[in-house]
Amino acid sequence: MFKILKREMLTPNICKMVVSAPRIAKAAQPGQFLIVLANEEGERIPLTISDYDREAGTVTIVTQLIGASSAAIIAKEEGEFYTPHDVVQLIATVIEPFDGTLYDPCCGSGGMFIQSTDLVKAKQGDISRINVYGQEKEAATYRLAKMNLALRGISHNLGSESDSTFTNDLHKGLY
């Protein structure tokens, strides 16, 4: 997971982010690119490493708002984490979500749910046997998750609003 440590809007359409990425910072060289995905279903966007700090284990990237994928990157706030697609895919495989309740207390853009239902479909399973529950504190990410799940026909309950599971568990008693 990569944590956004600092986020600064340089202009209304340009965002600078400092991200914790020790392994990348250790190997970074001037002019290199990172491939960034705002979420598990997002477009792969190459961004130049604009700065790095090997000792702090950080890299700095700058994103310009152009389309939906860059908007999703810019919507991320300080303190948010991004879980790489491969990690989400591995977790989905390990939990074997073939029936019952699938709960993600910090669901982000819904990637765990999408990967899980994709796995069920690949194994000729029935996604209607999965009850999807989740919660996301960031309003923009919450709306993105609801859209991602609706577009894929995944029945879900993410609560009536965005909110932190730590301060207001919208699914108390579910687990």
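Val59 is in contact (heavy atoms within 4.5 Å) with Met17, Val18, Val19, Ala21, Ile24, Ala25, Leu34, Ile49, Asp51 and Tyr52, neighbours within four places in sequence being left aside. The model is a predicted one, in which local features need pLDDT of at least 70 and side-chain atom pairs count only at pLDDT 80 or more, whereas totals for chains, interfaces and linings use all residues. Residues are numbered from 1 along each chain as its sequence is written, and side-chain values use heavy atoms, with hydrogens and water left out.

Val59 belongs with Met17, Leu34, Val36, Ile61 and Ile73 to the residues with the most contacts inside the largest nonpolar core, which has 18 residues. A nonpolar core is a set of buried Ala, Val, Leu, Ile, Met, Phe, Trp, Tyr and Cys residues joined through side-chain atoms within 4.5 Å; buried denotes under 20% relative accessible area, exposed over 50% and partly exposed in between, with a 1.4 Å probe and protein chains only. Two or more residues are given to this core by each of β2 (14-20), β3 (33-36), β4 (45-53), β5 (58-64) and α2 (68-74). Helices (H or I, at least four residues) and strands (E, at least two) are DSSP runs numbered from the N terminus. Another core, of twelve residues, lies apart from it and includes Leu102, Ile114, Tyr142 and Ala145.

Helix α5 (residues 139-151) has 13 residues and should span 18 Å at 1.5 Å a residue, in agreement with the 18 Å between its end C-alpha atoms; the expected span is 1.5 Å times one less than the number of residues. Thr141, Tyr142, Ala145, Asn148 and Leu149 are the buried residues of α5. These fall within an arc of 125° when seen down the helix axis, and therefore line one face of α5; the arc is that of the directions from the axis to the C-beta atoms. Arg143, Ala150 and Leu151 are exposed on the other side. The cover over the buried residues of α5 includes α4 (111-122) and β9 (156-157).

Asn148 is in contact with Ser109 and Ile114, leaving aside neighbours within four places in sequence. Just after α5, Gly153 takes a positive phi of about 70°.

In the segment after β9 is Asp169, which is buried with a relative accessible area of 18%. The side chain of Asp169 reaches the backbone nitrogen of His171 at 2.9 Å and that of Lys172 at 3.4 Å.

Methods: A polar contact is a pair of N or O atoms within 3.5 Å; within protein, one must be able to donate a hydrogen and the other to accept it, and residues adjacent in sequence count only if both atoms are side-chain atoms.
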